[in-house]
Number of protein chains: 2
Amino acid sequence: MSRFLIDRLQSLEPYVPGEQPQDMRYVKLNTNESPFPPSPRVVDALTRQIISRLNLYPDPLAQTLRETIAAEYGLAPQNVFTGNGSDEVLAFAFMAYGSERGFAFPEIGYGFYPVYARLYGLKPAAVPLNKDFSIPAEKFCNLGKPIAIANPNAPTSLAMKRNDIERILRTNAGSVVLIDEAYIDYGGESCLPLLSRYPNLLIVRTYSKSRSLAGGRLGYALASAEIIDDLNRVKNSFNPYSINSLTMLAGIEAMRDRAYFTECVNSTIVQREKTKADLRGLGFSVLDSASNFLFAAPPYMSGEAYYKGLKQKGVLVRWFGDPKLKDYVRITVGNETQMRVLLDKTKELLEEVTA
Amino acid sequence: MSRFLIDRLQSLEPYVPGEQPQDMRYVKLNTNESPFPPSPRVVDALTRQIISRLNLYPDPLAQTLRETIAAEYGLAPQNVFTGNGSDEVLAFAFMAYGSERGFAFPEIGYGFYPVYARLYGLKPAAVPLNKDFSIPAEKFCNLGKPIAIANPNAPTSLAMKRNDIERILRTNAGSVVLIDEAYIDYGGESCLPLLSRYPNLLIVRTYSKSRSLAGGRLGYALASAEIIDDLNRVKNSFNPYSINSLTMLAGIEAMRDRAYFTECVNSTIVQREKTKADLRGLGFSVLDSASNFLFAAPPYMSGEAYYKGLKQKGVLVRWFGDPKLKDYVRITVGNETQMRVLLDKTKELLEEVTA
């Protein structure tokens, strides 16, 4: 840290992303990436000719990309905002709506929400979860401040009912309610059908999971034209060309390839349900997941010991030091081979511990 | 704008980028892009195999990219920060260093500085230029607040002497002095040799011009390890994976291809000097450019009429409505063919006006 950094930022505790070992030796189940490559249409679209045009700026309006996303969800392009990963979209939203009243979110959720709050000097209002890790909808009603909720939630993998979210929207009509649907394609009820009725609803989504484009960095928001306009005002005061040309094209093609998308999502759901049953069979406590990961507590050993044991055996999962989460690990649902390795290594560990 | 947007942002006047017509019909000399494609090494590096791995997150530390840039400039990787275009780097710097004392910059310069100031609610301190459009170094001495100066400056194309910048650095030891070297490869004296002596120096650069990668979105900062640490703290509280995998690889290869880089820059300088002489021969007032663009005022007609006349004839240049700049247009230096078209269309316009 330099002596020039402004006071407010000196106490920042940045978000810590999951380990990204660059040597690729691990079976990597720690950052909820898709185990499948992007759509073949993406690979075909990024030709040498397209790459040769990188000397020109991308379209700052991302017109075709926004039209493509809008068409997929039955919306108009003015209801779509695109950003450099959903993290950037979230960062803009916290900047646009974080007032002196602060920003509310579940105490256990995407770890970035409190980071954004601190970055902008907002009062974070962390609402505790129920004992079973579900989100207490009633505690978010009539809050009178902006709200961010991941649905399905991370790292718990649990989905909220749309009816419950609708109550939150209705009772906070004066504030933006951001629903982070990063994992919605894997389960749960999307808030899309509520968009036309709730001008305070802001849905944020990502290409990093179900669209197999984590490396491309692309996220988007779906909301009223007025909210999208807010996000554009912030973007155009921050980084007008925030999406590069190749990612823009990749995003168009990935969205258009509905068959491939469905195939990947279905395969992940099959593996998720199988792995959940297998782990439960081994004595794990596993929450019912509506996402592409499992939140699981091992028997006979701590969450930390399980995480470290797996890492030693070449399998990376994510363990959170937080006392409320420490019995659990978050396991990304990979492909069949990866899940078999996970199961094999898990059995080895259990045998070692109980021997 | 929605009714939820916080007060401070309601009066934002976002930066207006140059027109980006997507139909490619124009000879496009309005956004200072390189007329040359990226290095062949970039095109070769982005293989189908690489694109197929986009399901995985990029390295959030951009380790290899930072090492490559550091090696090129004789620095250590901890002196290098990389961002999603230099606009993002600038946005982070204004966030990190903009205090209640505000942020100072030349009244005429990169149009984004006052936008950042407004975005963060900082008091902008715009220092007027000299009559000849040069930057009055003495007016930036002993300011006691952070400073941002583009060198060479845009849209004037003029470079400041390194000695003058050093005076500013020395007399503002308590504040960060950001030197935006977006165009430095085309002329002027870089502040690189001052880095080791001035811990308050922050150099920002871009791949969008001399590296032919505007479409890839890649910028970087060179500074003391402490300043780089500040920028990382902000980035990791905002968007840890801000650079996508393909751009990261492109940035590595473009930086390594020194021969191609030198060839492109030299060709641009040759065209710049020739076009400057040609325009002066036609009666234009043209400033001495240290960049990849010319700041030129036409004879017999207003800057606006020249801009509009050229546009009608299929040539896009940039005209700024600002009263202090209104006699001039900013013309990107393109390749030989583009410059010939510019000259031809300019002659036609002059003939039409003086007929």
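This is a predicted model: local features need pLDDT of at least 70, side-chain atom pairs count only at pLDDT 80 or more; totals for chains, interfaces and linings use all residues.
**Exercise 1.** Where is B:Pro152 found in chain B?

*Solution.* B:Pro152 sits in the loop between strand 5 (147-150) and helix 7 (162-171) of chain B. Then turn to chain A. The peptide bond from A:Asn151 to A:Pro152 is cis, with omega near -5°, and A:Pro152 belongs to the loop between strand 5 (147-150) and helix 7 (162-171) of chain A.

**Exercise 2.** Work out how helix 10 and helix 12 of chain A are oriented, and what their contact is made of.

*Solution.* First take the geometry: helix 10 (residues 258-281) and helix 12 (residues 336-354) of chain A pack at an angle of about 10°, and their axes are 11 Å apart. Angles under 35 degrees count as roughly parallel, so helix 10 and helix 12 of chain A are roughly parallel to each other. Now list the residues. From helix 10 of chain A come A:Gln271, A:Thr275, A:Asp278 and A:Leu279, which meet A:Glu336, A:Met339, A:Leu342, A:Leu343 and A:Thr346 of helix 12 of chain A. Sorted by type, the residues of this contact are four nonpolar, three polar and two charged.

**Exercise 3.** Is A:Ala62 buried or exposed? Ask likewise about B:Asn142: buried or exposed?

*Solution.* A:Ala62, a non-glycine residue with positive phi near 50°, lies in the loop between helix 3 (48-51) and helix 4 (63-72) of chain A. Its relative accessible area is 2%, so A:Ala62 is buried. B:Asn142, also not a glycine, has a positive phi near 55° and lies in the loop between strand 4 (124-127) and strand 5 of chain B. Here the relative accessible area is 61%, so B:Asn142 is exposed.

Methods. Residues are numbered from 1 along each chain as its sequence is written. Chains are lettered from A and ligands numbered from 1 in the order in which they are written. Side-chain values use heavy atoms; hydrogens and water are left out. Axes are lines fitted to C-alpha atoms, for helices over the stretch in contact, and angles run from 0 to 180 degrees between N-to-C directions. Helices (H or I, at least four residues) and strands (E, at least two) are DSSP runs, numbered from the N terminus. Angles under 35 degrees count as roughly parallel, over 145 as roughly antiparallel, 65 to 115 as roughly perpendicular and the rest as oblique. Contact means heavy atoms within 4.5 Å. Ala, Val, Leu, Ile, Met, Phe, Trp, Tyr, Cys and Pro count as nonpolar, Asp, Glu, Lys and Arg as charged, and the others, Gly among them, as polar. Buried means under 20% relative accessible area, exposed over 50%, partly exposed in between (1.4 Å probe, protein chains only).
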